[in-house]
Amino acid sequence: MSQIMGASDELLFADFSWRVAQIINNNEDFYQPNDYLYLARKIFRDYYREAKLPIPDWFPVGIFDDYKDRGRVIWKELYETRQKHFVQRRGNRLSVDISQFSTGDKDKQGKINYLHQIV
């Protein structure tokens, strides 16, 4: 990594900034309200195309929303480990006494916030 950093310069950043400025000056969409990295992905796809390189499999094609995934994992683990605190209701609904596995108001609110993202 130190070799890569030592051999790098500001050329990529300068070109990236220039491309962003051109897009803004041309009144093109340079962001999407729910996807702040839209333009960065577009510019890097252009780099790959111009270099005649395939876009790697790992290159993100859209928003990376690990917040929702984290919420799913947290609530799945809570359900699997503390089922007695979950009560099945009509229509495939569950209710839960969140106070049984929250260590305080901040922890409780955090779990509730994660739940809102996955409902």
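## Tyr79 and Phe86

Tyr79 has a relative accessible area of 33%, so it counts as partly exposed. This value, like the others in this report, comes from a predicted model. Phe86 has a relative accessible area of 12% and is therefore buried.

## Aromatic pairs

The structure holds six aromatic pairs. One of them joins Tyr48 and Phe59, whose ring centres lie 5.8 Å apart with 80 degrees between the planes, an edge-to-face arrangement. Tyr48 belongs to helix H3, while Phe59 sits in the loop between H3 and H4; the two are eleven residues apart, and their pair links distant parts of the chain. Tyr48 and Phe59 are both buried.

The rings of Tyr79 and Phe86 also pair: because their planes stand at 80 degrees, with the centres 5.1 Å apart, this pair is edge-to-face. Elsewhere, ring pairs join Phe16, Phe44 and Tyr47 into a cluster.

## Residues with positive phi

Most residues other than glycine have a negative phi. Lys52 is not a glycine, yet its phi is positive, at about 55 degrees. The residue lies in the loop that runs between helix H3 (38-50) and helix H4 (66-81). Lys52 counts as exposed because its relative accessibility is 75%, and the cut-off for exposed is over 50%.

Asn92 is not a glycine either, and has a positive phi of about 60 degrees. Its place is the loop between strand E1 (86-89) and strand E2 (93-96). With a relative accessibility of 74%, Asn92 counts as exposed.

How values were computed:
Residues numbered from 1 in each chain as written. Predicted model: local features only at pLDDT ≥ 70, side-chain atom pairs only at ≥ 80, totals over all residues. Heavy atoms only, no water. Helix = DSSP H or I, 4+ residues; strand = E, 2+ residues; numbered from the N terminus. Buried < 20%, exposed > 50% of the residue type's maximum accessible area, 1.4 Å probe, protein only. Phe/Tyr/Trp six-rings, centres within 6.5 Å; stacked < 30°, edge-to-face > 60°.
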